[in-house]
Amino acid sequence: MNAEVRSIRTAAETALSEIFASAFAGLPGDAAVAERRRTAFDAFKTAGLPSRRVEDWKYTDLRALMRDAKPVAGAPDGVMIAAARGALAPYAAIDATRVTFVNGRFVEELSDLATAEGVSVTLLKDTLATGAGVEALSDGVSPVGNVAVALNTAFVADGVVVSVAPGVTASRPLHVANIQAGSEHAAYGRVVARVGEGGNVLLIESHIGDAGAHQTNSVVTLDVADGARAELVKIQDESLDTLHLATLAVRLGAKAELKTFALAAGARAARQQIYVSFTGDASTAEIRGAGFAGASRHLDTTLVVEHDAVGCASREHFKTALDGEARSVFQGKIVVKPGAQKTDGKMMAQALLLSEAAEADAKPELEIFADDVVCGHGATVGALDDELLFYLKSRGIPQKEAEALMVQAFVGEVIETIEHEGLRELVTHRALAWLTART
Amino acid sequence: MLSIKNLHASIEDKPILRGLDLEVKPGEVHAIMGPNGSGKSTLSYVLAGKDDYEVTEGSATLDGQDLFALAADERAAAGLFLAFQYPLEIPGVATMTFLKAAVNAQRRARGEGDLPTPQFMKLVREKADGLGISSDMLKRGLNVGFSGGEKKRNEILQMALLEPKLCVLDETDSGLDIDALKVVSEGVNALRAKDRAFVVITHYQRLLDHIAPDVVHVMAKGRIVRTGGPELAHELEARGYADYVGEAAA
């Protein structure tokens with residue numbers, strides 16, 4: 001539609017073209033996959049990195065945030081794997097099928113591939129080499145035309161393809177761990193998950209980095225069939241110099257249930273895109289997230305929930321605590337298509353500003369084309385309540401500690417919805433660590 | 001123990017306390033009664049260190065320590081406790097978490113280490129049982145979903161755990177039915193000790209049927225205008241505050 005050709009390329013765009021040209025031949029996949037990658041990259045080249053003049057990226061100017069393109073990471077060495085092992089330590093207590101990628105490469109010694117009965121887990125690079133490769137990269141769930149997704153399709157070297165058989169409740173969660181070690185590189189990962197009719201699974205996705213100026217790009221597509229349930233907990237704890245782009249795309253069948261939670265604890269700049277599409281009647285989705293940022297970090301949550309079926313309910317709740325000169329962006333949209341009657345949608349974005357210079361931008365939207373629906377959205381931005389702080393201080397709790405308790409309470413409301421106890425504790429712990437570091 | 005001299009305080013430049021004097025000795029229970037708007041709640045907030053109020057003149061010391069030189073949390077650590085008229089609800093902060101944070105913060109301020117969790121839990125259970133506070137309530141967000149009576153009992157529980165030197169009870173009877181009033185009063189009476197003092201602020205005499213005061217003060221227009229024994233409370237109950245409103249205004 002928009003065939004504007006830009007003759008001036010940014011350094012990052014030029015570098016991406018060069019990296020793609022040299023990496024292309026070595027990327028896994030058959031001829032059809034190669035063609036798919038080329039189409040995706042061409043789409044990116046035409047559009048370029050979006051600036052704030054592109055509505056969808058108005059508050060997160062990717063062109064400004066991505067000044068250069070990092071080289072694609074090579075295979076991790078022993079030091080990197082040892083570092084990754086340390087990064088995984090907090091997850092040791094969580095029993096799960098674990099697929100670990102260090103710098104985007106699968107590392108078997110840090111993985112536990114024993115799967116629950118009825119659950120199959122395959123590495124994406126293996127799937128790409130088969131006839132199913134193209135389908136894995138374009139399964140109809142991912143939003144087309146999104147620059148983050150296009151780059152992922154073009155570059156992704158590995159990931160996980162998971163399938164839960166109909167009627168199976170996975171007895172073990174599946175944990176996909178992405179760890180970045182080293183000084184600076186780009187890493188692309190993809191999870192393609194399908195839950196068969198009446199199936200049930202918990203997916204855990206973590207993104208961990210200690211240091212280094214990396215560029216990470218993750219895509220998760222989740223197809224939840226009729227009567228199935230999927231819960232996804234994502235923990236983003238990238239290094240504070242990393243640019244993290246992530247996309248979650250979910251398609252829900254009828255009487256299906258989705259529950260997601262995303263923690264944004266790290267990254268210099270992070271954009272989490274969530275696209276949920278109701279395609280069958282009487283399904284529900286609970287989409288939540290918590291984030292915290294200090295310094296001049298940038299956290300973006302972009303959400304589109306599309307109701308295209310009758311009697312579906314969605315709940316979206318995101319909470320962010322900001323300190324220093326940090327900035328959060330929430331763009332959330334609930335779309336109710338014609339005929340999607342009895343839709344019940346509620347969206348809430350809340351930001352807590354702990355400093356004068358922190359900033360929160362919220363852009364909630366409703367697009368309703370059916371007449372028998374209940375939809376609402378709200379957004380709050382505010383400081384801590386002085387009355388409540390005084391109550392805590394009057395019991396002898398010092399100011400900073402009182403603030404920490406309040407912030408914990410603020411994000412706790414959404415963290416507490418994580419059903420898995422170990423994960424809930426892990427996320428709570430992470431929040432506490434951030435709060436302690438502030439004081 | 002508590003010594004307030006010529007205290008003047010205002011909120012947004014509006015004077016509320018106008019030359020208040022009060023001396024409370026260890027072991028004593030003082031009741032402060034007075035009509036609405038006389039400055040009773042302001043007195044409690046000023047003592048506890050709420051930011052909204054400005055002390056323009058006078059002093060308040062607790063065991064010789066200048067309260068106004070301390071931040072709110074330091075006053076608490078020095079032994080001052082205010083039982084709120086309207087205890088606040090803090091969703092997401094479990095009552096137990098809050099109690100632990102408070103107890104340990106005060107221990108740290110005194111240079112003591114944190115109380116080990118099992119010991120702390122035992123202590124809370126012990127005190128909570130006496131006040132009819134269930135373990136379910138302790139798990140819930142602070143005061144969230146608590147009835148008026150439960151909130152007041154929770155205040156007394158905090159008081160019992162923190163073992164303050166001076167307890168200021170701000171209209172603790174408001175919103176309580178007679179049964180809740182009894183539980184709360186018994187909780188307070190159990191804490192009476194020769195080295196602990198109470199300032200009980202109330203509009204009505206009925207609380208004083210349960211918590212027997214040693215001294216009763218009448219407050220009007222920001223000052224103590226009359227001081228007497230327990231019989232003064234009965235006199236006020238019978239005759240109302242009309243005399244004092246007039247007297248202070250005149």
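A cavity here is a set of points, on a 1 Å grid over the protein atoms alone, where a 1.4 Å probe fits but cannot get out. With that in hand, welcome to a predicted model, in which local features need pLDDT of at least 70, side-chain atom pairs count only at pLDDT 80 or more, and totals for chains, interfaces and linings use all residues. Residues are numbered from 1 along each chain as its sequence is written, chains are lettered from A in the order in which they are written, and side-chain values use heavy atoms, with hydrogens and water left out.

**Cavities**

- The structure holds 10 cavities of 30 Å³ or more, a volume being the space filled by probe spheres set on grid points that are joined across faces, edges and corners.
- The largest cavity contains about 290 Å³ of space.
- Its lining (residues with an atom within 4 Å of a point) has 29 residues, and A:Leu299, A:Asp300, A:Thr301, A:Phe318 and A:Thr320 lie nearest the centre.
- By class, that lining of the largest cavity has 14 nonpolar, 10 polar and five charged residues; Ala, Val, Leu, Ile, Met, Phe, Trp, Tyr, Cys and Pro count as nonpolar, Asp, Glu, Lys and Arg as charged, and the others, Gly among them, as polar.
- The second largest cavity has a volume of about 130 Å³, and 20 residues line it, with A:Asn178, A:Tyr188, A:Gly189, A:His207 and A:Ser218 nearest its centre.
- Strand 4 (158-164), strand 5 (174-180), strand 6 (186-195), strand 7 (200-209) and strand 8 (215-224) of chain A each give two or more residues to the lining of the second largest cavity; helices (H or I, at least four residues) and strands (E, at least two) are DSSP runs, numbered from the N terminus.

**Where chain B meets chain A**

- The contact (heavy atoms within 4.5 Å) takes 32 residues from chain B and 15 residues from chain A.
- About 1900 Å² is buried between chain B and chain A, 67% of it on carbon and sulfur atoms; buried area is the accessible area (1.4 Å probe) that two parts lose on being put together, summed over both.
- Of the area that chain B buries against chain A, B:Asp73, B:Leu88 and B:Ile90 supply 25%, more than any other three residues.
- Three salt bridges are counted between chain B and chain A, each a side-chain nitrogen of Lys or Arg within 4 Å of a carboxyl oxygen of Asp or Glu.
- One salt bridge joins the side chains of B:Glu155 and A:Arg395 (2.6 Å, N to O).
- Helix 3 of chain B gives the largest share of the side of chain B that touches chain A, seven residues.
- That side of chain B divides into 19 nonpolar, six polar and seven charged residues.

**A pocket with both chains in its lining**

- The second largest pocket has a volume of about 760 Å³, a pocket being an open set with protein on both sides within 12 Å along at least five of seven lines.
- Its lining has 31 residues, and the closest to its centre are A:Gln408, A:Thr428, A:Leu432, B:Gly92 and B:Thr97.
- Helix 9 (399-415) and helix 10 (421-438) of chain A, along with strand 7 and helix 3 of chain B, each supply at least two residues of this pocket's lining.
- Helix 10 of chain A gives the most to the lining of the second largest pocket, with eight residues.

**Salt bridges across the structure**

- Over all chains, 44 salt bridges are found.
- In one of them, A:Glu55 pairs with A:Lys363, with the closest N and O atoms 2.8 Å apart.
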